[in-house]
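Okay, thanks for coming, everyone. Let me put the next one up on the screen, and then I'll walk you through it.

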Amino acid sequence: MSSIRDQLNARPWLGWAFAGVVVLASVVTFMRMRSSDDGAMSGDALTEEVTIRYTDTGETVSMLRGRLTRELLGKDGLLDPTQGIRNPKTGELSGVLVNDKQWQKLVAEINALKEDAAKNKSASNR
């Protein structure tokens with residue numbers, strides 16, 4: 001039986017095919033690790049700084065997404081996308097993300113978490 005070295009010398013395309021498979025597997029693994037999106041609750045997302053606009057005054061402030069998420073989770077019941085966090089100057093619930101698409105996604109994720117928590121709580125009370 002000939003060695004692997006002899007086989008590769010006789011058929012160089014085998015070596016190139018093996019190298020191609022290794023490179024392809026590495027690229028797929030790298031992309032899967034990078035694209036893991038845990039949404040609003042991922043560690044990376046919570047440490048991201050976001051811009052909040054208070055719709056009643058037009059003022060914008062920056063804060064960590066984790067702080068915004070904590071304030072939204074602390075509200076009772078499901079969130080209304082037209083109301084955000086409390087503006088400290090006016091007392092109105094007008095603080096929303098500047099990026100409306102991100103705001104809608106964040107509200108939907110938090111509402112899903114709240115619904116799931118309520119469902120689990122009612123199931124455990126049976």
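This is a predicted model: local features need pLDDT of at least 70, side-chain atom pairs count only at pLDDT 80 or more; totals for chains, interfaces and linings use all residues.

Residues are numbered from 1 along each chain as its sequence is written, and side-chain values use heavy atoms, with hydrogens and water left out.

So, the overall layout. We have five helices and four strands, and from the N terminus on they go α-α-α-β-β-α-β-β-α. Those are DSSP runs numbered from the N terminus, with helices being H or I of at least four residues and strands being E of at least two. Of the 126 residues in the chain, 21% count as buried.

Now the salt bridges, meaning a side-chain nitrogen of Lys or Arg within 4 Å of a carboxyl oxygen of Asp or Glu. How many does the structure hold? Three.

Take arginine 65 with glutamate 48, at 2.9 Å from N to O. Arginine 65 sits in helix H4 (residues 65-73) and glutamate 48 in the loop between helix H3 (43-46) and strand E1 (49-54), so this pair ties together parts 17 residues apart in sequence. Is arginine 65 buried or exposed? Buried, at 8% relative accessible area, while glutamate 48 is partly exposed at 36%.

Next up, lysine 89 and glutamate 59, whose closest N and O atoms are 3.4 Å apart. Lysine 89 is in the loop between strand E3 (85-86) and strand E4 (93-97), and glutamate 59 is in the loop between E1 and strand E2 (60-64), so here the parts being tied together are 30 residues apart in sequence. Lysine 89 is exposed, with 64% relative accessible area, and glutamate 59 is partly exposed at 26%.

Then there's glutamate 71 with arginine 67, at 3.3 Å, N to O. Both lie in helix H4, four residues apart, which is about one turn of the helix. Both ends are partly exposed: glutamate 71 at 29% and arginine 67 at 41%.

Staying with H4, look at how it packs on helix H5 (residues 100-124): the angle is about 50° and the axes are 11 Å apart. Axes here are lines fitted to C-alpha atoms, for helices over the stretch in contact, and angles run from 0 to 180 degrees between N-to-C directions. H4 and H5 are therefore oblique to each other; under 35 degrees would be roughly parallel, over 145 roughly antiparallel, 65 to 115 roughly perpendicular, and the rest is oblique.

Over to strand E2, where serine 62 sits. Serine 62 is partly exposed, at 46%, and its C-alpha is 6.0 Å from that of isoleucine 52, 10 residues away in sequence.

Last stop, methionine 31, in helix H2 (residues 12-34). Methionine 31 is partly exposed, with a relative accessible area of 47%.

That's the tour, so over to you for discussion.

How values were computed: Buried means under 20% relative accessible area, exposed over 50%, partly exposed in between (1.4 Å probe, protein chains only).
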